Amino acid sequence: MLTTIAAAVLATLAPMQGETDTTIAVPAGASLSVNNFGGAIVIHTWTQNRVKVHAEHGSRGSIEASLVGTTLTIKAGSRHGSPSVVDFDITVPAEMALNLSGTYTEIEVNGSKAAITAETVDGSIDVRGGSGNIMLNSVQGSVTLADATGRIEVNSINESVELSNVSGQIKAETTNGDVTLWGIKSSSVEATTINGDVEYEGTITDAGTYTFTSHNGDIQISIPEGANVTLTVATANGDIDASFPLPFRGTREKHRYTFKLGTGSARMEAESFQGDIELRRPAEMREHQKEKEKDKDHEMEQEEP
Amino acid sequence: MPRQVLEVTLTADSVAADAALAASGDASAFERLYRAHVNRVHSLVRRMLDADEADDLTQDVFVRAWDKLSTFRGESAFGTWLHRLAVNVVLARRKTLGVERGRFHSGENPLEGVSGRRETPEISMDFEEALANLPDGARQVFVLHDVEGYRHEEIAQMLGVVPGTSKSQLHHARMALRRYLDR
Amino acid sequence: MNDQWTDRLSEYVDGELANGERGALEAHLATCAACRGAVAELRQVVARARSLEDRAPQTDLWSGVAKRIGAGQVVDIRSRRFSFNVPQLIAASIALVLLSGGGMWVALRRPATPSGTRIVTPRPDDFTMNASADRQATRIWTGRTDAAIADLQEDLQRNEGRLDTATVRVVRENLALIDRAIGQARAALDADPGNAYLNLHLADTMRRKLELLRRINAIAAAQS
């Protein structure tokens, strides 16, 4: 069923069964805003200038959709004041900017080529794609981002944050979880956690700035051969371990050491209060990663009955 | 980017921030502190000593504050610290002026005394002018106690007298100033 | 008017008479209009003194001050006779942070150069090894941050009801986690007060707590 909704008209779609299927034409350059309370928001992309909405909401639920100007807003409707639980599966034009929020909501995005903001309290966020301003926030869930580029800020509180194959300006933070950054191309990276490890495998470009901090966890950084970086490493109780000679030509004060590699152009800080700081070559880190994955597979195999 | 933050309007927190910045050498921050406090300092100095010296001494106060800022630990408000520093500068100046400790008038109306500065006491004076015409000892006690809020024990120590003298001088100053309330 | 009580009237007005004397004076006041009048006038003088307004100097004195302090000139920090240390820098940075609502933590890592001076990067031997001064400086900025944190925690307590119990539990656990980290950082810093890394680490960890509280408050406030 193809429905065209005129501007500023609020439509409530509540068919008898617990499902809604509708497709809405949108102008070029439109953005999507989805507001859910409980349930999932899953986004796929296609090349058409339409938004296809599939929602499962139980017989009491409904969804509301309105197109105002260039923003298409889709909300889980509430009957009698209480918010309903809706699972959304929405297909959008790849260039459509996304603004997705919910409380008990998992958010998943696949194939976007646009800016993405996703916020949830209790739910994970899993994004593949994205270009431009990307901001992902969860409180209780883990956040993963892959194949994205732009100005990126990714936060969790109680779970881990994982970025892979991402380029641009990056800020990744959590409190009780690891921060893992792989396949990164960036000249501005900030990764922090309190109770977790930090891992970085990516470029170290001239004049770039890189900051990695943890309180309890280890920090593992890949330093390519030939990198030009002034590296400050600090730990109160941990060890500092490098797989290559560190030319101690810098300054030293208690707990903090600075080394100059190459021309020292980029600036990097790796600090962990209680954890170790490991500096590895990229090849080593990839080897190490492969072995970790093999072990994980091995564990999973063993768990099968 | 930091420069934008520095242009906030003055609040207690920003005074503390400016004090910290000025302590590490930021003259613009110190100028803001100056602007925020100069009237108070100048008025204090003027009332304690006199109008002729107030300008020079006010500058002395701020120069000294700049030098001593590193010792300001932020445990009291900056204004309080600066104020005490100003009082100290005034007291030190008072000593170099050779003010005798003994010259505290005990007459009923000090303003009628010989040491009045105006030559024509008939001209009606406003309260501040009357204050300026009190003899030094009574005026300084009055300013420290009633205008600035120090206690007699503190004033006695500052001026090098006993608390009893401070109390009686205060009383004399107040009694003399009664007549100039409405001006 | 000059009776035995006249000279004690100021003490009476200031509440400095002992009970016995005060009673006796008040008994006298009941019968002596002149003294009553004087008391009223004295009170007015005190009130007038307290309401005196500050006046600006007639000329602007700043240029004289500026000249004497050498403002606008290049100042080599090391030539100033004070302990230029990390805790003071952090105090300035933290004050800026709390003012701007959290947007300025960059300043902690790359200390801003105050306008009008050029800071020569201090080397560790330039730091005066004054442990108690360092501890005090740290107490100042941690005190301010603690105050900001306390405000936000109050806000959170008020807003907690809007969040579900699981989220509240998770938030509390994470706040406790950060508090443990702060405790450890403080202990280390207390043993080594001037240490630049430990100061920064404590500041960072406290910032994390501030940001967590801000974020949760915003989420709670947004729940209907």
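What covers the buried residues of α9(B)? The legends below start with that view.

**View 1. Helix α9 of chain B and its cover.** This is a predicted model, in which local features need pLDDT of at least 70, side-chain atom pairs count only at pLDDT 80 or more, and totals for chains, interfaces and linings use all residues; side-chain values use heavy atoms, without hydrogens and water. Residues are numbered from 1 along each chain as its sequence is written, while chains are lettered from A and ligands numbered from 1 in the order in which they are written. Helix α9 of chain B spans residues 163-177 (helices are DSSP runs of H or I with at least four residues, strands are runs of E with at least two, and both are numbered from the N terminus). Its 15 residues reach 21 Å from first C-alpha to last, close to the 21 Å expected at 1.5 Å a residue (the expected span is 1.5 Å times one less than the number of residues). Among its buried residues are B:Leu170, B:His171 and B:Met175 (buried means under 20% relative accessible area, exposed over 50%, partly exposed in between, with a 1.4 Å probe and protein chains only). Their cover includes α6, α7 and α8 of chain B, together with α1 and α3 of chain C.

**View 2. The second largest cavity.** Look here for a space of about 70 Å³ (on a 1 Å grid over the protein atoms alone, a cavity is a set of points where a 1.4 Å probe fits but cannot get out, and lining residues have an atom within 4 Å of a point; points are joined across faces, edges and corners, and the volume is the space filled by probe spheres set on them). The lining includes A:Thr192, A:His215, C:Asp204 and C:Arg207. Helix α9 of chain C gives the largest share, five residues, and β21 of chain A also supplies at least two.

**View 3. Two positive phi angles in chain A.** Most residues other than glycine have a negative phi. A:Asp147, in strand β17, has a phi near 55 degrees. This residue is partly exposed, at 39% relative accessibility. A:Ala207 has a phi of about 65 degrees and lies in the loop between β20 and β21. Is A:Ala207 buried or exposed? With a relative accessible area of 61%, A:Ala207 is exposed.

**View 4. Chain C, built from helices.** Chain C has nine helices and zero strands. Buried residues make up 49% of its 224 residues.

Terms used: Contact means heavy atoms within 4.5 Å. On a 1 Å grid over the protein atoms alone, a cavity is a set of points where a 1.4 Å probe fits but cannot get out, and a pocket is an open set with protein on both sides within 12 Å along at least five of seven lines; lining residues have an atom within 4 Å of a point.
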